[in-house]
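Subject: Structure for you, with notes

Hello,

Here is the structure I promised to pass on. Please have a look at it first, and then read my notes below.

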Amino acid sequence: MHRKTLPGFVSALLASLFFAGAAQAADAAAEDGAAVYSRSGCWGCHAYLGQGGRDGPQIAHTALSYEAFSTFVRNSTGDMPPFTARIVPDADLEKIYAYLQSIPEPPAPETLPLLQDVFSD
Amino acid sequence: MTDKSKSKQAVTKVDRRKFMAGVAVAGAAVVSTEAKSAILPPGAPAPAAPSAMRPSTVMAQAEVATASVSAPAYPGTQNGKPGSDYMVDVLKTLDIEYIVTNPASSCRGIHESIVNYGGNRMPELLTTMHEESGTAMAHGYFKVALKPMGSLCHGTVGLQHAAMAVYNAWCDRAPILMMIGNEMDANVRRPGVPTTHAAQDPAAMIRDFTKWDDQPGSLQHFSESMVRAYRISMTPPYEPVLIVMGEELQEGVPEPGHFENFSIPKVALPTPPQGESNAVRETAAMLVAAENPVFVVDRVARTPAGLALMVELAELLQATVVDQGGRMNFPNMHHLAARGAAAIRRADVVVGMELTDFWGTVNDFSDTAHAQQGPIVREGTRMVSIGTGDVYIRANYQDFQRYQPVDIAIAADAEATLPSLIEAVRMLLDGAARTRIDNRGQAARDAYNTARSRVAADAAASAWNASPISGARLSFELWELIKNEDWALVSRDQSISNWPHRVWTFDKYYQWIGGPGGAGIGYGLPAAVGAALAHRPHGRLVVNIQNDGDCMYAPGALWTAAHHKIPLLNVMHNNRAYHQEVMHLQRMASWRQRGLSDGSWRVATTIENPNVDYAKLAESMGVAGIGPIENPNDLAPALRRAIDIVKAGEPALVDVITQPR
């Protein structure tokens with residue numbers, strides 16, 4: 001039902017998944033996780049594929065266990081505001097975690113021609 | 001007969017200002033040669049020009065042979081050289097290439113003079129759709145041209161429009177010659193709208209963030225005040241200034257002979273203040289003795305010389321430089337260039353030069369529910385400030401930031417102080433110091449080579465194929481196409497997570513001009529157009545990575561670029577939101593534990609439903625529009641097409657749908 005309220009954004013995310021090649025790989029739970037990730041707003045600071053940027057670190061393929069992930073999200077007192085179970089229920093956070101872990105591995109930098117300059121510096 | 005000429009007659013009768021000449025004194029026709037000799041008596045030497053570059057009055061007048069006012073008198077016409085022609089004579093001595101304007105009745109006298117008397121050359125009028133945009137154009141232009149532009153605005157409402165852009169320029173230390181029209185005398189002022197737009201003290205509105213203003217009472221007074229305004233504006237700290245031009249002063253015709261002594265003073269720009277020699281020596285001693293000296297710089301390089309001096313000083317000491325990016329202060333790929341707070345945490349000496357915010361540089365303030373704050377520097381770290389911030393300050397607006405105690409405060413222009421600081425450091429370098437410095441340099445080189453490339457490449461790859469397109473992909477695709485050109489970036493890059501600064505090589509002064517200064521949105525597009533105008537004679541490939549929200553404040557700047565044929569590659573960072581505010585709302589909702597799951601933070605923060613079609617927007621104003629580009633693989637061909645258009649001398653825009661940051 002939340003999807004109805006955010007059609008534009010969810011389709012953008014599905015498009016991300018398409019280009020990331022994830023549509024083939026992700027299972028249903030992870031796809032649902034993408035929608036939860038979107039409406040919970042994590043992308044605001046961590047970007048649509050959890051790749052991170054100026055306002056938040058990468059959280060896709062986090063090395064944190066679910067417990068550590070959840071502890072951080074619930075209790076952050078630093079630059080990230082805390083997200084309690086009241087606003088992101090446990091069931092949602094689990095889906096978010098699964099989604100972030102399911103995003104296909106990015107291409108190796110060595111395989112991307114445009115990145116070769118960076119290595120030759 | 002217009003009501004205007006009636007008022008002129010009335011004025012003439014009461015002989016209010018002596019120099020008014022209307023129909024009643026039409027017999028006293030003044031011919032152009034007489035008018036000229038009123039400025040320059042025959043045989044008198046031409047007023048000294050401020051530099052070899054500037055035309056003298058004689059030259060200026062020779063260039064504008066259109067200035068004939070010798071037509072016989074007809075009812076309802078004026079005879080003689082109007083006041084605003086004299087004003088143009090003054091402007092022509094100041095090496096002002098452009099005046100940007102949104103046309104206004106209170107400026108119609110000088111507007112007409114610039115075009116018909118001045119030949120619309122030096123200065124040439126640029127048309128802007130909004131005074132805020134015009135003033136931001138002047139702001140961007142200065143940072144490349146290093147000479148000021150005029151911004152001619154209507155009294156009151158025009159200046160109200162311009163005000164935010166003036167504040168940006170103030171915070172960013174950019175000189176702009178603001179000029180407005182106004183009429184104080186209710187007896188000659190047209191009733192209705194012109195009276196609504198008149199004010200006793202129109203400059204009051206922006207006085208807190210301009211360095212100087214005046215409302216001259218005569219043409220001689222205008223001459224002196226305009227030259228003074230230029231001089232004050234161009235003395236560091238560079239700042240905007242404002243001249244209010246009376247409408248009667250512009251439109252009236254001085255009586256013949258009234259201006260036998262009219263003169264235009266020459267501009268001798270004051271040399272900027274250098275740091276006091278003892279304080280400079282003490283700073284040098286501190287730097288030479290330090291284990292980890294760090295320079296933090298924001299607007300040190302006022303000119304290309306500042307950049308070269310900064311490199312010289314840093315290399316002399318092999319000291320880290322944290323460039324906060326108000327100007328192009330230091331090459332970003334230099335092994336001594338550092339980003340972020342880590343270098344400052346390690347420092348035992350911090351020298352802050354022309355900083356906007358020294359407190360914020362050496363303290364942490366985290367935006368949490370309980371606003372934690374505290375120093376990030378180690379205890380005992382010595383601190384020195386060098387800058388014009390101590391020379392010049394105003395009380396109302398808080399751009400001076402929080403108070404930061406330092407060990408030595410040098411109230412001086414940093415760029416002007418660098419040569420003596422370099423010299424003082426050199427005098428103190430003995431063998432032991434040189435060894436320590438060499439070791440520090442080697443360590444910096446090693447750390448730089450190993451860390452940087454891997455981190456950047458991994459981060460760039462992580463959303464390489466994503467749609468919306470990542471800032472990293474956008475920046476790498478662009479870099480591939482511009483790196484072998486003579487390029488310049490005229491926008492900031494925070495909104496795409498600083499990717500250009502992470503991967504492009506900035507080493508020339510003109511490749512980077514910093515940001516708005518006052519963080520007032522609506523600066524980006526027009527400032528880019530102004531900067532591109534200043535790059536145009538050099539034939540550079542100018543890139544503006546344009547935030548969508550900023551663009552929508554005043555998209556009319558695109559029209560100005562098309563109309564005046566200003567080549568500029570606009571690449572939309574179209575994340576369809578005022579994304580900063582999305583994050584603020586998320587933060588508030590999280591603190592308050594409500595609303596997140598409803599996406600409430602999307603209300604009044606996003607720019608979607610409907611989406612803006614920026615390519616069509618551009619096309620509607622005569623700018624080639626390409627996009628929207630959503631698939632990253634379509635990016636390179638789109639950019640290539642746009643670059644071809646820009647190289648042919650026109651602006652172009654590529655709409656790119658992007659990740660949030």
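Predicted model: local features only at pLDDT ≥ 70, side-chain atom pairs only at ≥ 80, totals over all residues.

Let me begin with one residue in chain B. Leu429(B) touches Val288(B), Leu316(B), Arg434(B) and Ile437(B), leaving aside residues up to four places away in sequence; a contact here means heavy atoms within 4.5 Å. Leu429(B) sits in the loop between α15 (414-428) and α16 (431-461) of chain B, where helices (H or I, at least four residues) and strands (E, at least two) are DSSP runs numbered from the N terminus. With a relative accessible area of 11%, Leu429(B) is buried; buried means under 20% relative accessible area, exposed over 50%, and partly exposed in between (1.4 Å probe, protein chains only).

Residues are numbered from 1 along each chain as its sequence is written, chains are lettered from A and ligands numbered from 1 in the order in which they are written, and side-chain values use heavy atoms, with hydrogens and water left out.

Now for chain B as a whole. It has 24 helices and 19 strands, and 59% of its 661 residues count as buried. Among its contacts with a separation of 6 or more, 80% are between residues 24 or more positions apart. Chain B exposes about 25,000 Å², with carbon and sulfur atoms supplying 52% of that area (Shrake-Rupley method, 1.4 Å probe; for residues, only the protein chains shown count as cover).

What about the interior? The largest nonpolar core has 87 residues, and Ile110(B) and Met226(B) are those with the most contacts inside it. Such a core is a set of buried Ala, Val, Leu, Ile, Met, Phe, Trp, Tyr and Cys residues joined through side-chain atoms within 4.5 Å. At least three of its residues come from each of domain 1 (56-259) and domain 3 (462-576 + 611-657) of chain B, with bounds from an automatic or database domain assignment. Apart from this core lies another, of 45 residues, which includes Leu115(A), Leu481(B), Trp504(B) and Val654(B).

Five of its five residues are buried, so β10(B) is largely enclosed by the rest of the structure. Val349(B), Val351(B) and Met353(B) cover one side, and Val350(B) and Gly352(B) are buried on the other. β10(B) pairs with strand β7 (residues 293-297) in the parallel sense over five bridges, and Phe295(B) stands opposite Val351(B). Two strands pair if DSSP finds at least two bridges between them. Five bridges also join β10(B) to strand β13 (residues 382-387), again in parallel, with Arg382(B) as the bridge partner of Val349(B).

Which cysteines form disulfides? There are zero disulfides over all chains, a disulfide being a pair of cysteine sulfur atoms within 2.5 Å. The sulfur of Cys153(B) is 7.4 Å from the closest cysteine sulfur, in Cys107(B), which is too far for a bond. Cys153(B) is buried, with a relative accessible area of 1%. In chain A, the sulfur of Cys42(A) lies 9.1 Å from the closest one, in Cys45(A), again too far for a bond.

Finally, some backbone details to check on your screen. The peptide bond from Met122(B) to Pro123(B) is cis, with omega near 5°, and Pro123(B) is in the loop between α5 (108-117) and β2 (124-127). Another cis peptide bond joins Gly627(B) and Pro628(B), with omega about 5°; Pro628(B) belongs to strand β18 (residues 624-629). Asp95(B) has a positive phi of about 55° although it is not a glycine, and it is buried at 11% relative accessible area. Asn609(B) likewise has a positive phi of about 55°, but Asn609(B) is exposed, at 74%.

Best wishes
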